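Subject: Handing over a structure

Hi there,

Here is the structure I promised to pass on. Please have a look at it when you have a moment, and then read my notes below.

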Amino acid sequence: MAMAGGAPPAPLPVVGHQFCAPYVVPLTVTKKALSLSDGDFAITDANGAVVLKVKGAIFSIRSRRTILDGAGMPLLTMQEKVFSMHHRWEVFRGDSTNSGDLLFSVKTTSLIQLKTEMDVFLAGNTAQQVCDFKIKGSYFDRSCVFYLGDSNTMVAQMSRKLTVSNVLLGRDTFSVTVFPHVDYVFIASLVVILDEVHRDKRED
């Protein structure tokens, strides 16, 4: 039976079943300003506890980010695919970058006129004719919606979180609402890739 509001009726594990909750998971993503590792994030739950951390490799030829759980164990490694016509990122399990550990890839389809569109393909979708997930919105406004495939079924949404302390400290903070049965580590990784792609665009 489908849930009200168009949420997925069954769990959608990409990283793991343990990251799919039967309720809405509100996350706060804080990007630390002036970080030496150029893009460290802290991802906290509704109680302010750090559930995920993001570390980057600053001196590598290709951009690479690792998502760690609260205890510091690597869950995902995200790596930019160099010499790609589109911005393309590949995401692997743990701290691996071996093709056998590939979980999904993300491809930019539109970055024009402040509009953001990205397609997500799971590793088993080798033909990549139809995306498994899609991101639409405006990352510059920190307003994006995450959809299941090429449908109107929302799996998560993101919005800017403005507070006085964030403005004074120069922190970029946004709220991410992960819908029931959706893998919140997967969604968090897409937010980090969104930021990377737009950071690259600002530097072009």
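What follows is a short tour, from the whole chain down to a few residues.

First, the ground rules. This is a predicted model, in which local features need pLDDT of at least 70 and side-chain atom pairs count only at pLDDT 80 or more, while totals for chains, interfaces and linings use all residues. Residues are numbered from 1 along each chain as its sequence is written, and side-chain values use heavy atoms, with hydrogens and water left out.

**The chain as a whole**

The protein chain holds 12 strands and 2 helices. Here helices (H or I, at least four residues) and strands (E, at least two) are DSSP runs, numbered from the N terminus. Read from that end, the order is β-β-β-β-β-β-β-β-β-β-β-α-β-α. Of the 204 residues, 49% are buried; buried means under 20% relative accessible area, exposed over 50%, and partly exposed in between (1.4 Å probe, protein chains only). The chain exposes about 10300 Å², with 56% of that supplied by carbon and sulfur atoms. Those areas come from the Shrake-Rupley method with a 1.4 Å probe, and for residues only the protein chains shown count as cover.

**The core**

The largest nonpolar core has 46 residues, and F146 and I187 have the most contacts inside it. Helix α2 gives the most to this core, with 11 residues. By nonpolar core I mean a set of buried Ala, Val, Leu, Ile, Met, Phe, Trp, Tyr and Cys residues joined through side-chain atoms within 4.5 Å. In soluble globular proteins, nonpolar side chains tend to be buried together.

Leaving out residues up to four places away in sequence, I187 touches F146, V155, A156, V176, V178 and V182; contact means heavy atoms within 4.5 Å.

**Two residues to look at**

L190 lies in helix α2 (residues 184-203) and counts as buried because its relative accessibility is 2%. With residues up to four places away set aside, L190 touches F104, V106, V120, I135 and F146. Its C-alpha atom is 9.8 Å from that of W89, 101 residues away along the chain.

Q157 sits in strand β11 (residues 154-160). Q157 has a relative accessible area of 33%, so this residue is partly exposed. Beyond its neighbours within four places in sequence, Q157 is in contact with C144, V145, F146, S175, V176, T177 and F179. The C-alpha atoms of Q157 and V178 are 6.8 Å apart.

Best wishes
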